[in-house]
Structures are given as structure tokens and as C-alpha cells.
Amino acid sequence: MTKARQLADLGNAYDDGALSNRNMIINGAMQVAQRGTSFTGVTSTNAYHIDRFETGSGDSSSQFTVSQATAGLNGFANSLKFDCTTAQSSLGADSRVFLQQKFEGQNLQRLKKGTSDAEKITVSFYVKSTKTGTYIVELYDNDNNRQISQAYTISSSDTWEQKILTFDGDTTGSFNNDNALSLSLYWHLVAGSRYSSGTLSTSWTSTTDANRAVGQVNLADSTSNNWEITGVQLEVGDTATPFEHRSYGDELARCQRYFYRHGDFYYRKTIAQSFRTSSSDVEGVVTFPNTMRTVPTFIATSGTNYYRDYCLGSGTNLSTVGAHNIYVNNAVLQWTGHPRSAGQAGYMRANNAGATVDFDAEL
Amino acid sequence: MENNMNITSAQYNADMDGNNSGIKATIDGQEMFVPLDLANRHYAEILKQVEAGTLTIADAE
């Protein structure tokens, strides 16, 4: 790229009001993986693996390993990788597999959607796959049930390629200015006829499922197939600027608005200071590092001796931990602890590498 | 859109005053404590399945 071209692109970005914080994607370089780095047997339920990226599927017998992989791409250490482990060469009508990132409406107001000044949106990313052919990227407006799709082509097997897709602005249907889901960015990987039997919708329109992923190759048709992505950027305007690299700490903080793993597989990590409300009923407050998007769901793994409660020099192993009074900034954990007296203090820690304490406020 | 959570049980939790404070649910095989917050995706899905008649929330113990 020439210097003149770079300066022109910078000028375009300036005009679009996006010289800083221009990448609306969180964790676009796939740095943060609080839940773990490899998940086998990923199949027919929606689930988050690498932070902020949700894997989804439906009516599909295919299975994938989803992992945070070593990208081997200059400037990017990590990628998100789908590796097909159970093939489905013949798709049912409703079969589908996709990756998506979801956005809060209050973070999308700069797009001016639903006005005559609606901004174009440019999505750029690096992708490689052993399955060459046509793939579909889609923007889906959850507030107004509208969508727009574009195709891209992987032309060389197992070779990193950057794809840049610019979508028109939508003058119909504004995004709600709140903390709820307004926009989804999809990468389709498998699409049965329900999603692919029409004509690809390359202009914003009310959703017709058959027009969403027309032409999409079947990534699940062989266990030799894999697909990797990194360097994902979504920005205002018609110009793809260079990827906006952010520090790990910055990305982690952004991710923790949606998901926070308080216990992180670290054996003997302290989970909470505690006090006894009775001889063995124990409570401890967990404060989140960031205000979460909404009141989170509490999820703790359970298993024999997964946790250990201490008070006055003695301890008792626990298999499970509960919670109540959960808010966006903190929660009260509760468990049955070592017999002592009400009011006495202690602490509780992980006692097994499988012990995890999670707070989930994903969209 | 397009959540396909497998919810196999749901029961209200009550606070010390006897008021429902959340739902203890098994979702995709994992036990969760779900707050009664409409912006929470798990609670929204529970309500959706209750409305569809495919899930019942048991009373608190």
C-alpha cells in the first residue's frame, strides 16, 4: 500500500469519527480465553468459547473442536479455530453452524442506523481454511428483524487471507439505546436449505431465512476441514483501517463486562473471605473487577472436594457453592462450612483444578 | 435471537423473607443460579420456554 493510500484511508477514518476506539469488536485478536483454550465435541447448542465469540449450531450432527490456536500470522499470536471432528456431508434443511459476536445497542449509536445519515459498516478479518470456496458474513439487526449478507471467497487452502467487506448503512430501523442485544455479526460455516435456498440478501431488508447464507460451503463435509479467524475489526465507514491492536489487559477488561471467571482452575486460589451466619452456614462476598452488563448468572462447577472452607486453622472440603444477592458489581456466595460459631471469619478456596466460579452476563 | 438452550429443570430460590430471589436451573447440563433480570439471557430464555409451555418453574423449597 502506498503512503498516499494510507493517508487517504486515515483521512476517511477521521471523517467517519473513528481515529480511536474504532474497532467495535471485542477480543478481535482472540487473546482472551477465560473459559479455556480448547473445547471438543462442540455441537448443537450455542456456547461461548473464546471470549465474546459465540459458537452456534442447529440440527446438525457434525462436531467440531473449537480452540484458541497459535495463529502463525505476523502480528497475531492467536486465532479462533474450528476443526471438524465429525462430518456431516448431507445437510438437513435446518442444519447450520456459525460463529457470531453480539453487540449492545448503546454501543452502536454511532452507526446512526435508521436515519438518513446511516453510516456504512466495514468488517475486516484474517481467515484461513482447508475448505476453499464461498463463505457468508451477515449483519443481523435484532431490534428490527432486518439483515444484510455478503459473500467472501477462500481461494487458497490453508493460507491466511485478509477479507474486507463494506456493508451499506441502513436508513430503516434504529438500534435501541440500551444494554440489550441489537446487532449480531455472523460468520456462517454450515447452512442448510432453510438458510440458503433463496437469493443472497446483499441489501438491508426484513429477514427471510432462505436469503441469509446462500452459496455457503459446507465446512462440515469432511473431518479434514478446519477454519481459522483472527484480526477481526468492525468499524464505521467504508474504509478498513489497520487492525486496532489493544493490550491483553484492555481486552480482558472489555470481556469481563460480559463474563468473569473468578476461580480460574488455579489450585488453592482463594475464592472469598467469609463469615459465619450460623455454626456452619457461611457466606462471602465476591466483587467483580468491572461492572457487568446486567445481573449475571452464577455458575460454579461441583465435584467431590472441589472447594475447601477454612476457619480458625481448620478446614472442611465442599463439593459445591451457591450464591444469592447477585448484582452487577458483586455477589454473595454461600456454602456449608467447617463447624464454628456464628460471626467468625475465615476463607474458602479452590481445592481442585476443575473448580471454577463464573458470572455470565453475555448477550 | 436463536438461543437453543437445553433447560431440564428450574426452581425458584427464596431469600430470608420468603421472596423469590432467583432461579436454580440446569441449563445445557450445568447447574446455574439465574437472577430475575429480563436482560439476563438465561432468565429471558426460561421465560420464553415457560410461555411456550415447555418448562415449569417449581416453587421454592
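How many residue pairs are in polar contact across the interface of chain A and chain B? In this predicted model, local features need pLDDT of at least 70, side-chain atom pairs count only at pLDDT 80 or more, and totals for chains, interfaces and linings use all residues. Residues are numbered from 1 along each chain as its sequence is written, chains are lettered from A in the order in which they are written, and side-chain values use heavy atoms, with hydrogens and water left out.

Seven residue pairs, both members at pLDDT 80 or more, are in polar contact across the interface of chain A and chain B. A polar contact is a pair of N or O atoms within 3.5 Å; within protein, one must be able to donate a hydrogen and the other to accept it, and residues adjacent in sequence count only if both atoms are side-chain atoms. Strands E3 (54-58), E6 (96-104), E11 (181-191), E17 (297-300) and E20 (322-324) of chain A each supply at least two residues of the side that touches chain B; strands are DSSP runs of at least two residues, numbered from the N terminus. The largest share of that side, three residues, comes from E17(A).

The contact (heavy atoms within 4.5 Å) takes 29 residues from chain A and 16 residues from chain B. The area buried between the two chains is about 1800 Å², with 42% given by carbon and sulfur atoms. In chain A, the residues that lose the most area to chain B are A:Asn46, A:Thr297 and A:Ile299, together 25% of what that side buries. Buried area is the accessible area (1.4 Å probe) that two parts lose on being put together, summed over both.

One salt bridge is counted between chain A and chain B, where a salt bridge is a side-chain nitrogen of Lys or Arg within 4 Å of a carboxyl oxygen of Asp or Glu. The side chains of A:Asp360 and B:Arg41 meet in a salt bridge at 2.6 Å, N to O. Over all chains, the search of the whole structure finds 25 salt bridges. Among them, A:Glu138 and A:Arg212 meet through their side chains at 2.7 Å, N to O. This pair links distant parts of the chain, 74 residues apart: A:Glu138 lies in strand E8 (residues 133-141), and A:Arg212 in the loop between strand E12 (205-206) and strand E13 (226-236).

Technical notes
Helices (H or I, at least four residues) and strands (E, at least two) are DSSP runs, numbered from the N terminus.
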